[in-house]
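The account begins with the whole chain and then turns to single helices and residues.

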Amino acid sequence: MQLDMSAEELKSALNRLRRAQGQLAGVIRMIEDGRDCEDVITQLAAVSRALDRAGFSIIATGLEQCMTSEDPEMRNSAEMRARLEKLFLSLA
């Protein structure tokens, strides 16, 4: 299944991923600078949430495409459902 995201969806997902990338770079610097463990964990949790939100956004787009597909095999395919469920659960 190829993911076909609109320009707005793509921009949103990329912004979230770039934000997470910046946060992760900050976590690395914090560790290198010997910062407090609690501060590092707090920022690491923020990175994790940002990645999760980007992933869920991408998966939601895939679900929407499958639900609105004109191809009945794609909409009703147990294999497609299993693949999407596996992707969703990989972020849980």
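The model is a predicted one. Its average pLDDT is 82, and 84% of the residues reach a score of at least 70.

**Overall architecture**

The protein contains 4 helices and 0 strands, so that, from the N terminus on, the order of elements reads α-α-α-α. The protein has 92 residues, of which 23% count as buried. Of the contacts between residues at least 6 apart in sequence, 66% join residues at least 24 apart.

**Helix H1 and the residues around it**

Helix H1 covers residues 7-32, a total of 26 residues. From its first C-alpha to its last it reaches 37 Å, close to the 38 Å expected at 1.5 Å a residue. Its buried residues are Ala13, Ala20, Gly26, Val27 and Met30. Just after H1, glycine 34 adopts a positive phi of about 70°.

Which residues does alanine 13 touch, not counting residues up to four places away in sequence? They are Met5, Ala54 and Ile58. Alanine 13 is found in helix H1, and it counts as buried because its relative accessibility is 3%, under the 20% limit for that class. The C-alpha atom of alanine 13 is separated by 6.8 Å from that of serine 57, although the two residues are 44 apart along the chain.

Leucine 14, which lies in H1, is partly exposed, with a relative accessible area of 33%.

Is valine 40 buried or exposed? Valine 40 has its place in helix H2, residues 37-68, and is buried, with a relative accessible area of 10%. Not counting residues up to four places away in sequence, valine 40 touches Val27, Met30, Ile31 and Arg35. Two of these contacts, Val27 and Met30, are also listed among the buried residues of H1.

A search of the whole structure finds 1 salt bridge. In it, the side chains of arginine 35 and aspartate 39 meet at 3.8 Å, N to O. This pair qualifies because the limit for such a nitrogen and oxygen is 4 Å. Arginine 35 is partly exposed at 45% relative accessibility, and aspartate 39 is likewise partly exposed at 33%.

The table gathers the accessibility of the individual residues discussed above.

| Residue | Relative accessibility | Class |
|---|---|---|
| Alanine 13 | 3% | buried |
| Leucine 14 | 33% | partly exposed |
| Arginine 35 | 45% | partly exposed |
| Aspartate 39 | 33% | partly exposed |
| Valine 40 | 10% | buried |

Key. Residues are numbered from 1 along each chain as its sequence is written. This is a predicted model: local features need pLDDT of at least 70, side-chain atom pairs count only at pLDDT 80 or more; totals for chains, interfaces and linings use all residues. Side-chain values use heavy atoms; hydrogens and water are left out. Buried means under 20% relative accessible area, exposed over 50%, partly exposed in between (1.4 Å probe, protein chains only). Helices (H or I, at least four residues) and strands (E, at least two) are DSSP runs, numbered from the N terminus. Contact means heavy atoms within 4.5 Å. The expected span of a helix is 1.5 Å times one less than its number of residues. pLDDT is the predictor's confidence in each residue, from 0 to 100.
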